[in-house]
Amino acid sequence: MVDQIRRKILKTGAAAAAAMAAAKGVFAQQAGREAAAGSFYEKGPVRIHYQEWGSGFPLLLIAGGGLGGSTIRGLTNPFDAVGEFKGEYRCIGTDLRTATTGESTGPLEVDRPWDMIADDQIAVMDHLGIDKFMVMGFCIGGPLVWNLLKRAPNRVVAAVAAQPSGCRAEAPTLMYDTNMMAWGPDYVKRHPNVTMAQIDQFLTKMYKSPADFIWPVTRDFVKQCQNPVLILPDDIPAHPYKTAMEAAMLAPKAEVSMFPWKEPKERIPLAVRQIHSFLKAHRPAAT
């Protein structure tokens, strides 16, 4: 029975990934109209592609799409985050260095996957002269948001985790399995200096050490986190509702959106309004 459940979840997860890829194709033209060439932060072998829009208090945006798809172009799904927030905030987006369709590059640091990405994000903010900022992450951006709250609690003024990824109790190795089947082989093809053994080490550290909760942070950390956090839960294999709600119940200053908020699509503007209200409530007064 457990194997049947696991196969069903893997099949559903693969279907969701395919749907997300298709959605990105639909949104690519829209993103292209908005996006310019962008800029690059470079340090040693690391080269991170980033882009800015609008003005105001800084808001770091982390696209969904997992390790292979979290790029600036992905910020149009499930809504146009840049279009919605650039009128009030200085929005900053980056391509993850792991993204197969992005322009960021850098070594695969197999022993520190979450912190490798946090290093890039913090370095870009430093490069732009930004001290304090807000952050909103989708999908994989959920655990990345929590890792930023752990790494830079005095810099992250408020955070939004929308449709956050998390460990699903009935399929704790789901993210490891799907990435070993899809992202890993594709990454190795594009980076011949990386082996599947290194991919295994990277994903094991990322998703199986431990295979629990919100991988880069513990429940104890979330219990003591004093940063305001807004959580918009989802409920697909890679975005477990139970994990998102557990984090919301544990975090002292967490707020939660309605659920479901993406379907029917008429609900999305209501969720976006809640995000606006949340960010405005915690945005520092202009000095």
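## Lysine 265 and glutamate 263

Lysine 265 and glutamate 263 pair through their side chains in a salt bridge, at 3.6 Å from N to O, where the term stands for a side-chain nitrogen of Lys or Arg within 4 Å of a carboxyl oxygen of Asp or Glu. Lysine 265 is exposed at 56% relative accessibility, whereas glutamate 263 is partly exposed at 47% (buried means under 20% relative accessible area, exposed over 50% and partly exposed in between, with a 1.4 Å probe and protein chains only).

This is a predicted model, in which local features need pLDDT of at least 70 and side-chain atom pairs count only at pLDDT 80 or more, while totals for chains, interfaces and linings use all residues. Residues are numbered from 1 along each chain as its sequence is written, and side-chain values use heavy atoms, with hydrogens and water left out.

## Other salt bridges

The whole structure holds 18 salt bridges. One of them joins arginine 155 to aspartate 131, at 3.6 Å from N to O; arginine 155 is buried, with a relative accessible area of 16%, and aspartate 131 is partly exposed at 46%.

In another, the closest N and O atoms of glutamate 246 and arginine 219 are 2.5 Å apart. Both residues are partly exposed, glutamate 246 at 27% relative accessibility and arginine 219 at 30%.

## Threonine 98

Threonine 98 is buried, with a relative accessible area of 1%, and its side chain reaches the backbone oxygen of leucine 67 at 2.7 Å. Beyond neighbours within four places in sequence, the residues in contact with threonine 98 include Leu108, Trp183 and Phe202, contact meaning heavy atoms within 4.5 Å.

How values were computed:
Polar contact = N/O pair within 3.5 Å; in protein donor to acceptor, adjacent residues only side chain to side chain.
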